[in-house]
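The sequence and the structure are shown first.

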Amino acid sequence: MSGPVVADSATAKHPDAMAPLVGLLDELLEWTVTAARGDLSVRLALSRARVADPRVRLVVVGESGTGMSTLVNGLVGAAVSATDSPVSVPVIAEYGPHPTATLIRGIGNGRTERQRVDPLDPGPALAAENVIRAEFTEPSPLLAEGFVLMDAPGAPADTPAAWSLIAAGDAVLYVADAGTALTADQIAWLQRIQQVCPTVVCVLNKIDRYPHWMQVQQRNRELLDEAGLGFAVAPISALRHLQTASDPRRDLESGVPQLIEHLRSYVLGRADSVARDAAVRDIRTIVDQLALTLRSEAETLRDPRRYREIADQLRQLRIEADELRQRTAGWQVTLAEGCAELVGDIEHDLRHRLRTLVREAETEIAERDPGRRWSAFGADLDARICEAVEENFVTAHYRSVELAEEVSGKFPGTEHDVPLPDLRLGDPSEVLEPVASLEPLDTAKHGATQQALTALRGSYGGILMVGLATSLLGMSLVNWYSAGAGVLLGVNALWDDRRIRKQRRQVEAKVAVARLMDDVIFQVGKESRNRLRTVQRTLRGHFTDIANQTLRSVDDSLRAAEDAAANHAPETRSRRLTEIESTLVRLREIRETADAL
């Protein structure tokens, strides 16, 4: 791999770019500590942690067989993901001075244990039972720059584990085969991925196998543009990169160095901008709250006769700030009504999706004998249920973010956007774990012996009836006519038995599907309501903290104005006024610098 290497294990995404912002946050943190504003200090500390976090979680997903594991190994520079193993588990690789490998295994009752294994040969350990994921550390140049690679086991449509990684990721590499253009299902998946993780790069792998990959790349760009997805399409050959990584000139033909450079310039840059924007919003809010107290004190020191006027203005501000904490406040009403509407809409969306699945399943059952491919039908239905639940959770997440933005708009008197809480999409895969699979069909068992007995019972009546009738003509009981009638009635009896059994299996199959859907609705509905209640508590707590911080700032301003009015010594007033003016100038400089960043 080409490109710069961070010398000391990557202490920041872009140290030179982020250092000024970290310096501003540290300086502002000192001001909040001096002002005894612990509430603002905690908020600044969280913002600083986000800015200084070196990690950018890069999730690799795609259809099976597209070379995802080969790409991950090529980017890391070590075999951390199995390429020829039937067992596939999520793999997480991050920087470390020495190679290590750790397996996370389930030991029952929801508990897990960590097991260290040989990082040079983790394959046998990965094939063991109950392995949840594998964690690797490697002294890789790319990982040293702040990337954490997360290899999802298959496409999101194949396993819910991939979706949980996407929800935790900062960017997604969607790997597709260079032999064919993206299908409608893949475009739909990319649209869903964008709703949860907007930073997506489409990787066209195996260009060394397909001479027509340029036409496929162009077609993919057209399809993405038609779907409103402005993703980059990067053509690569992960296998060729592994073979030519030691030769930089030949390695350029693989396209992987160009992909790595794009990740550095685009993904890292975008991750920095997201963290930077959130930090700048926090700086604006905190500077305004600190400046409010200082300006009130300064105006009183300049002209103590204006104390009553200033105090009246602050008391009015206090009333407005206190009203923000009341249940009748506009944002409280909007939040309560929005959450109630959100719960109803998400529950209706879930039931609509599952009822659609039930109707489709019943149609398939009515069209053919369910006993012939019941296992495959159950696996397909499970996959569609997982997809429906994931889509429902994505919708809930998207609507929750919209509600947060709507609530923030109800805060009066703000010159900037109210900071929004960090709402993360939970792991949908855990929701369906308690749900049992589709029940087996008891009537599906009908062996050759039972079929022969059914045919014999039907043929016996035909032989007896026709044989008795022909015996009046002097023929024996068993003759050509009675034998033919026996064969016809035996076949008819067998046909009727099969038809009846098929109808019974269809009825039983529909009942099994209905029971499964009841279990899904019960489990998922409860979990969905719990998650939405958590969202409501998160939003209420976040905006309540903002209201409390505003009220605290106004109270501090009132006390500062009172102290300034009680200060009658001219020298003391002059010295304090000079200190305040200097502090206000520096706070204004901090805000202007943050805005410029």
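## A buried alanine

Helix α14, spanning residues 374–408, contains A404. The model is a predicted one. A404 has a relative accessibility of 2%, and because buried means under 20%, A404 counts as buried.

A404 also lies 9.5 Å from V535, C-alpha to C-alpha. In sequence, A404 and V535 are 131 residues apart.

## Two sides of helix α8

Residues 213–226 form helix α8, which has 14 residues. From the first C-alpha of α8 to the last, the distance is 20 Å, close to the 20 Å expected at 1.5 Å a residue.

W213, V216, Q217, N220, L223 and L224 are the buried residues of α8. They cover an arc of only 125° around the axis, so they sit on the same side of α8. In general, an α-helix has 3.6 residues a turn, so residues three or four places apart point the same way. The exposed residues M214, Q215, D225 and E226 are on the other side of α8.

## Helix α11 against helix α17

Packing of two helices is described by the angle between their axes and the distance between the axes. Helix α11 covers residues 256–302 and helix α17 covers residues 570–596. Their axes come within 9 Å and cross at roughly 160°. Angles over 145 degrees count as roughly antiparallel, so α11 is roughly antiparallel to α17.

The crossing of α11 past α17 is left-handed. Sorted by class, the residues in the contact of α11 with α17 are 14 nonpolar, one polar and ten charged.

Terms used. Residues numbered from 1 in each chain as written. Predicted model: local features only at pLDDT ≥ 70, side-chain atom pairs only at ≥ 80, totals over all residues. Heavy atoms only, no water. Axes fitted to C-alpha atoms, helices over the stretch in contact; angles between N-to-C directions. Helix = DSSP H or I, 4+ residues; strand = E, 2+ residues; numbered from the N terminus. Parallel < 35°, antiparallel > 145°, perpendicular 65-115°, else oblique. Left-handed = near helix turned anticlockwise from the far one by under 90°. Nonpolar A, V, L, I, M, F, W, Y, C, P; charged D, E, K, R; others polar. Expected span 1.5 Å × (residues − 1). Buried < 20%, exposed > 50% of the residue type's maximum accessible area, 1.4 Å probe, protein only. Arc of directions from axis to C-beta.
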